[in-house]
Amino acid sequence: MSIDQELTGAEIVLEALKDQEVDTIFGYPGGAVLPIYDALFGQNFLKHVLVRQEAGAVHAAEGYARSSGKVGVLLVTSGPGVTNVVTGLTDALMDSIPIVCFSGQVPSHLIGTDAFQECDTTGITRPCTKHNYLVKDINKLPEIIHEAFEIARSGRPGPVLIDIPKDIQFAKSVYKKKSDVTFKSHRIKSGSKDIDRVFIEQLINHIKKSQKPVFYVGGGCLNSGPQASQELMKLVQLTNIPITTTLHGLGCYPAEDEKSLGMLGMHGTYEANLSMNQCDLMINVGARFDDRVTGRLDAFSPNSVKFHFDIDKSSINKNVKVDYHTNTDITFSLKAINEYIESTGITFDESQYKNWWSQINEWRDKNCLHYEQSDETIKPQHAISRLYQLTNQKDTFVTTEVGQHQMWAAQYYKFAKPNRWITSGGLGTMGFGMPAAIGAQMANPNSLVIDIAGEASFLMNVQEIATAVQYKLPIKIFILNNEYMGMVRQWQELMHGSRYSESYVDALPDFKKLAESFNAVGVRAKNLSELDDAINEMVSVDRPVIADIWIDKKENCFPMIPSGASHSEMLLSKYDKENPENQKKGKVLV
Amino acid sequence: MSNSSVYPTPLNTFKQSKRSVLSVIVDNEPGILARITGLFSGRGYNIEALNVTVVDIKDNLSRITIETLGEERVVNQILAQLEKLVPVHSAINLANLKESYEAEICLVKIQFENEQQNNEILSFADIYRARTVQKRQLLVIYEISGTSERINKFLDDLHTISGIKVEKVRSGPIGLGI
């Protein structure tokens, strides 16, 4: 292709994707994107994954991005095509996942006429994207696409949408290569790499002074790249400070290491939450003081000096006022801290936190994740524990849906590496897990990808099992089937007098037959004696599998900090009762 | 140990709302105003006044001035959220500058019925140095500029005259810092 040869808008899209080293795109065709689908036909650098509904495409792109560290890409048509991805875009925005969504639009001259399959795409998606574009000039298309990718992946990552009217897809212009585009720095807002010396020196001083420090690590550490986790591990080992992670931070630090306190927050461990409550120094690395983590704000870690690493300035002092903060990219900050410690020869006395560790070990002795497994009925906690024990030697990725099963997965599946855990945290999108598993499997064809699911969530995007079958993606859907929307039922039990309004899911399909009807494999475990066999069969079959695991229908997820309660007011089991005053206040919260 | 680490819940706090004037430089591109107003409505912030105009044709920049009410922490959060928007170059709170100057423009149409009212109107216009834009029998249009507070006072004074009809339009404050 000569340099100034003109291409159509559709061809420019493909050329730009090639230039951006995109190898996989998720999508669903329709009238307003036919020119791009025509350009896809007969090329072979790009694998297109045809989903069964656009929601599947956007969650698959999220799963692809989370598991690979690359930008996830999807292509949908105008009108319903793009309104179907609104949930996923919002999900990606909340969880800082880099994706680029291309959507078709009615031809320019029809915009505003209520044309067939027209909608105000940029208007609808403005609050749920990091940025969006309506392409009005074919000559700007190449630059827009390259800028979109840059915005999606830089700073705090997020979703970007490009809406392309059909006439622009046919119009011709000269392609501009990524390397020929100069980005304006105010538009990209990439994270600073400049080290804040004062912040680092203050942090070291406080670590030296502190009696009861704790690391509180979130998804920002993961988004900073794999090196951030390595630097974090080094820093934790150097300082001997306990570490707890948020739901998205799982895997940033090996869960089975003795310094790890596990997850904190609403369903976090007793030791993690009490450490947060009683610490005198809190080192927040890439977490955003989410309400699932803090509990009641006025009782949140009342006596600590707080340090906050966050690339996003708007995260600083948003929910919780901190004493020191830095907006420098976490990898650079952590690296600088480790270098500072090594170059100045500072040592940390093993005995400095001796009392703190013995206090933590006392809390650990509560064994808050303990459960009683009978001989018959499978406890959900046991199902996840066995799944972990039978798969942790493999190269495994875990996605989840949203609800009790998600929390049990977070508690009992112990992640050792970053980017292995893909879940919908901020938005809490049921139906996320299976398409996300499809995306993760596309990015990691030789790995084991398991979607830990509940039967209610699974049914929200059940159609995507056909996608997995079509592309021979051997994803494993591990359903903890209790016939309830479990988390809804749990809240109704705790806060609404056990009135289980509409949370029982009657008329469930036979999941084994369902799998078979899609040409996938179905396995089932009705009781404890069948559990291991079901898991082993699920893992060994090289095809998509739905495992229907019948669990205890009434089991609830503990520990739990009810809404409106503080970290020191955890319920550890169904025998713990909530403070009635909190209950009144908490009932109006989410 | 810092005292600043203890903070009350939003529910029980007496909020110290303050008027702030924010000045935002943006790329003049489609949808930018919607991004900004959407940010305010979506996150529950207040817009008391809003002014948008292109200020640099060569670089295609607009300056948006927003008057908002909120406690300091909320205003700082608004600025941080504004700065995250892709087309935003900068967002500042004029109150945080060492020196800043504000002005607003207001057009006032007054319909009156008699000479006595006219004299009262004239005397206020004189005190506030309002400029006559148009004068007809029993009708006058003034232009007054200055700080919003000054304009408020002028309008309050006019309202002390009984029996006249006042219609007004205000630009909202604009400001510059040094």
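Student: How are α13(A) and α16(A) set relative to each other?
Tutor: They're oblique to each other. That's the class left over once angles under 35 degrees count as roughly parallel, over 145 as roughly antiparallel and 65 to 115 as roughly perpendicular. Keep in mind that this is a predicted model, where local features need pLDDT of at least 70, side-chain atom pairs count only at pLDDT 80 or more, and totals for chains, interfaces and linings use all residues. Residues are numbered from 1 along each chain as its sequence is written, with chains lettered from A and ligands numbered from 1 in the order in which they are written.

Student: OK, what angle and spacing do those two helices have?
Tutor: Helix α13 (270–278) and helix α16 (354–364) of chain A cross at roughly 140°, and their axes come within 8 Å. Axes are lines fitted to C-alpha atoms, for helices over the stretch in contact, and angles run from 0 to 180 degrees between N-to-C directions. Helices (H or I, at least four residues) and strands (E, at least two) are DSSP runs numbered from the N terminus.

Student: Who's touching whom there?
Tutor: α13(A) brings A:Tyr270, A:Glu271, A:Leu274 and A:Ser275, and α16(A) brings A:Ile360, A:Trp363 and A:Arg364. Contact means C-beta atoms, placed from the backbone, within 7 Å. By class that contact has four nonpolar, one polar and two charged residues. (Nonpolar is Ala, Val, Leu, Ile, Met, Phe, Trp, Tyr, Cys and Pro, charged is Asp, Glu, Lys and Arg, and the others, Gly among them, are polar.)

Student: Switching to α3(A) and α5(A): at what angle do they pack?
Tutor: About 20°, with the axes of α3 (54–68) and α5 (86–94) of chain A 8 Å apart. That makes α3(A) roughly parallel to α5(A). On the α3(A) side you'll find A:Ala55, A:Val58, A:His59 and A:Glu62, which meet A:Thr87, A:Gly88, A:Leu89, A:Asp91 and A:Ala92 of α5(A).

Student: What's the strand order in the sheet?
Tutor: It's an open sheet of six strands in chain A, β3-β2-β4-β5-β7-β6, with parallel pairing; strands pair if DSSP finds at least two bridges between them. β3 (47–50) and β6 of chain A sit at the edges with a single partner strand each, so one side of each has no neighbour in the sheet. The twist averages 20° from one strand to the next. α5(A) packs on the sheet, touching β5 (99–105) and β7 (159–165) of chain A, and its direction makes about 145° with that of β7(A).

Student: And the domains of chain A, what are they?
Tutor: Domain 1 (6–185), domain 2 (197–364) and domain 3 (380–550), with bounds from an automatic or database domain assignment. Domains 2 and 3 of chain A have C-alpha centres 31 Å apart, and 13 residues of domain 2 are in contact with 13 of domain 3. The domain 2 side of that contact divides into eight nonpolar, four polar and one charged.

Student: How many residues of chain A are in contact with chain B?
Tutor: 24 residues of chain A, against 24 of chain B. In chain A, β6 (131–134), α9 (185–188) and β13 (305–309) are the elements that give two or more residues to that side. The chain A side divides into six nonpolar, seven polar and 11 charged.

How values were computed. Contact = placed C-beta atoms within 7 Å.
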